[in-house]
Amino acid sequence: AVVLFTSGSESLPKAVPLTHANLLANLRDMLAALTLRPDDRLLGMLPPFHSFGLTCTVLLALCGGVPVVFHPNPTEGGALARLVERERVTVLLGTPAFLGGIVRAARGRELESVRLVISGAEQCPAQLHACLARHWPRAVLLEGYGITECSPVIAVNDERAPRPGTIGRVLPSLRYVVLDEERGTRASPGTPGVLLVQGPSV
């Protein structure tokens, strides 16, 4: 279906071929993990040549039947905040840096319509959680984790019980293990390790 180029955050830069089956498996998992409502509207600000932008703001919207409001530049926090208010956007998806730009630029009621904020691609800072909780307590911030090779979403927090500072649960169709690299065995609960995944979206 697509060949996406990665910057190499997981290893060396590379081209990643993803099939229709890979992408559709990931979309099925996301639609099972997230509750998208008939009245939701997504904000599309991520580039479609990036796996997060392609899967989460183009394909997820198409397969989930959710309208998207697109804006070409994710760094224009003020313009995006005004767009969210004008178009009554309910779901924001992006990197913490881009989401933080929107939150810092927003004034008054600009983000009042937002009910879900989904953060990925890098660790979400505690300040973003705190700012949303203070100014827009209705918005639930969900952290997730993914890599291009996995179409890209691997895990996401549960919107009914999000745990800040975590990536949430691994998606249903993926098999996984956290490996203790030194011992070559499963890591004990609470012990750091390497996350290995296998499944139809890989």
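Analyst: In this predicted model, the buried residues of helix H4 are Pro96, Leu99, Gly100, Gly101, Ile102 and Val103. Helix H4 itself spans residues 96-105. An α-helix has 3.6 residues a turn, so residues three or four places apart point the same way. The cover over the buried residues of H4 includes strands S3, S5 and S6 together with helices H3 (77-87) and H5.

The helix neighbour H5 comprises residues 126-135, and its axis comes within 10 Å of that of H4, with a crossing angle of roughly 35°. The crossing of these two helices is left-handed. On the H4 side, the contact is formed by Pro96, Leu99, Gly100 and Val103, and on the H5 side by Leu128, Cys131 and Leu132. Sorted by class, this contact contains six nonpolar residues, one polar residue and no charged residues. Pro96, Leu99, Gly100 and Val103 also belong to the buried set of H4.

Turning to the strands, S5 (residues 91-94) is covered on both faces. Val91 and Leu93 are buried on one side, and Leu92 and Gly94 are buried on the other. In a regular strand the side chains alternate between the two faces of the sheet.

S5 pairs with two strands. With S3 (residues 42-44) it runs parallel, joined by two bridges, and leucine 43 has leucine 92 of S5 as its bridge partner. With S6 (residues 116-119) S5 also runs parallel, here through four bridges, and valine 91 stands opposite leucine 116 of S6. Between S5 and S6 the chain passes through H4, giving a right-handed β-α-β crossover.

These strands belong to an open sheet of seven strands, ordered S4-S3-S5-S6-S7-S8-S9, with mixed pairing. The edges are taken by S4 (68-70) and S9 (169-170); each has a single partner strand, so one side of each lacks a neighbour in the sheet. Further along the order, S7 (residues 140-146) and S8 (residues 153-156) pair in the antiparallel sense over three bridges, with glycine 146 opposite valine 153 of S8.

To return to the helix: H4 links S5 to S6 in the crossover, and the elements covering its buried residues include both of these strands as well as H5.

Conventions: Residues are numbered from 1 along each chain as its sequence is written. This is a predicted model: local features need pLDDT of at least 70, side-chain atom pairs count only at pLDDT 80 or more; totals for chains, interfaces and linings use all residues. Side-chain values use heavy atoms; hydrogens and water are left out. Buried means under 20% relative accessible area, exposed over 50%, partly exposed in between (1.4 Å probe, protein chains only). Two strands pair if DSSP finds at least two bridges between them. A crossover is right-handed if, with the strands pointing away from the viewer, the path from the first strand over the helix to the second runs clockwise. Axes are lines fitted to C-alpha atoms, for helices over the stretch in contact, and angles run from 0 to 180 degrees between N-to-C directions. A crossing is left-handed if the near helix is turned anticlockwise from the far one by less than a right angle, and right-handed if clockwise. Contact means heavy atoms within 4.5 Å. Ala, Val, Leu, Ile, Met, Phe, Trp, Tyr, Cys and Pro count as nonpolar, Asp, Glu, Lys and Arg as charged, and the others, Gly among them, as polar.
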